Amino acid sequence: MKTIKGPGIFLAQFASDDAPFNSLDGMARWAARLGFKGVQIPSWDRRLFDLRQAAESQDYCDDVLGIVGESKLAITELSTHLQGQLVATHPAYDVLFADFAPAEWKQDSPGRQAWAVQQLRWAAEASKRLGLTAHATFSGALAWPFFYPWPQRPAGLIDEAFAELGRRWLPILDAFEDAGVDVCYELHPGEDLHDGATFERFLSAVGGHKRANILYDPSHMILQQMDYLGFLDLYHERVRAFHVKDAEYRPSARSGVYGGYQAWIDRPGRFRSLGDGQIDFNAIFSKMAQYDFPGWAVLEWECCLKHPEAGAAEGAKFIKEKIIRVTERAFDDFAGSGADMEKNRTILGLDQG
């Protein structure tokens with residue numbers, strides 16, 4: 001068994017124009033002071049990281065590793081959540097997602113899509129140069145406007161959406177295969193890959209590609225009222241990244257999992273700081289140990305109540321206490337009698353003439 005690595009922290013929600021949150025060096029020192037051991041870097045934030053330069057220059061990557069290493073931290077993964085979203089975007093969301101790409105692509109949807117694909121290719125090469133084995137991203141969505149089966153969907157609509165999603169991602173997955181890095185899709189409402197069923201459909205569309213894997217985030221599952229523990233039993237072989245994020249779902253007579261168009265603070269399901277929600281992290285970390293999860297436990301903070309810096313400070317301690325140092329021997333080894341084939345056959349009543 002493997003002891004999970006951590007605690008790590010996803011920097012995206014904490015980055016700002018104010019020190020120490022406006023540079024990788026500042027954020028690394030801040031994270032280290034809180035007790036984190038790793039940082040997940042948002043590759044779109046030029047205040048922290050230059051993705052193209054990382055893809056093209058080993059010297060730049062060595063400098064980045066040096067900055068993080070000075071604070072005795074490691075890089076857990078790079079993230080392309082925003083760029084991944086733009087690999088596949090339904091026109092209904094074109095305006096809303098336009099700002100995910102540079103300004104020159106604001107009025108050019110095909111240009112944004114091509115830009116996003118290039119970003120993912122750079123992320124594969126950058127991850128390789130940084131010595132990483134996993135990458136965090138979103139799948140994007142072509143079918144999401146039709147997630148509820150009303151009006152009735154024409155036959156084959158969802159099949160074609162996933163076939164196209166597979167066509168767009170397959171060359172990217174091949175680039176990550178060349179780099180030796182797993183693509184870990186965060187299963188998330190708003191993405192075509194948002195649960196186990198949709199991941200299976202996508203996996204079929206890309207021919208079971210070995211680099212098509214999962215970023216496990218139980219908060220998105222509890223808000224969909226899924227069995228987030230059983231999910232690990234089913235899909236643990238494909239889970240290669242882990243966001244430790246809490247959430248709660250409190251049934252309401254006024255609204256349900258769709259949220260009633262309400263603000264996060266008023267929804268029955270909402271994200272919480274670690275330890276303030278309903279997720280059974282003791283059970284999750286036990287399953288991660290049981291199934292030899294090879295990666296990092298990374299805090300992703302999103303809470304509509306608590307201050308982010310308080311959530312980060314509490315989160316480092318929370319994750320550290322949940323990580324299970326796995327055993328190297330069985331608890332009842334003291335009572336073992338060794339391996340003896342003849343004795344075993346005698347106990348079974350065999351070879352008695």
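These notebook entries record what I looked up in the structure.

**Entry 1: the model.** I worked with a predicted model, in which local features need pLDDT of at least 70 and side-chain atom pairs count only at pLDDT 80 or more, while totals for chains, interfaces and linings use all residues. Residues are numbered from 1 along each chain as its sequence is written, and side-chain values use heavy atoms, with hydrogens and water left out.

**Entry 2: the nonpolar core.** I looked up nonpolar cores, that is, sets of buried Ala, Val, Leu, Ile, Met, Phe, Trp, Tyr and Cys residues joined through side-chain atoms within 4.5 Å. Buried means under 20% relative accessible area, exposed over 50%, and partly exposed in between (1.4 Å probe, protein chains only). The largest core has 92 residues, and Ile9, Phe49, Phe202, Tyr216 and Phe242 have the most contacts inside it. Helix 7 (residues 157–179) gives the most to this core, with nine residues. Helices (H or I, at least four residues) and strands (E, at least two) are DSSP runs, numbered from the N terminus.

**Entry 3: salt bridges.** I then searched for salt bridges (a side-chain nitrogen of Lys or Arg within 4 Å of a carboxyl oxygen of Asp or Glu). The whole structure holds 26 of them.

Arg47 forms one with Asp17, and the closest N and O atoms are 2.9 Å apart. Arg47 lies in the loop between strand 2 (38–42) and helix 2, and Asp17 in the loop between strand 1 (5–10) and helix 1 (24–34), so the pair ties together parts that are 30 residues apart in sequence. Arg47 counts as partly exposed, at 34% relative accessibility, and Asp17 as exposed, at 62%.

Asp182 forms a salt bridge with Arg211, again with the closest N and O atoms 2.9 Å apart. Asp182 is in strand 5 (residues 182–186) and Arg211 in the loop between helix 8 and strand 6 (212–216), 29 residues apart. Asp182 counts as buried, at 11% relative accessibility, and Arg211 also counts as buried, at 12%.

I noted a further salt bridge between the side chains of Lys317 and Glu321 (2.6 Å, N to O). These two residues are four apart in helix 12 (residues 308–322), so about one helical turn separates them. Lys317 and Glu321 are both exposed.
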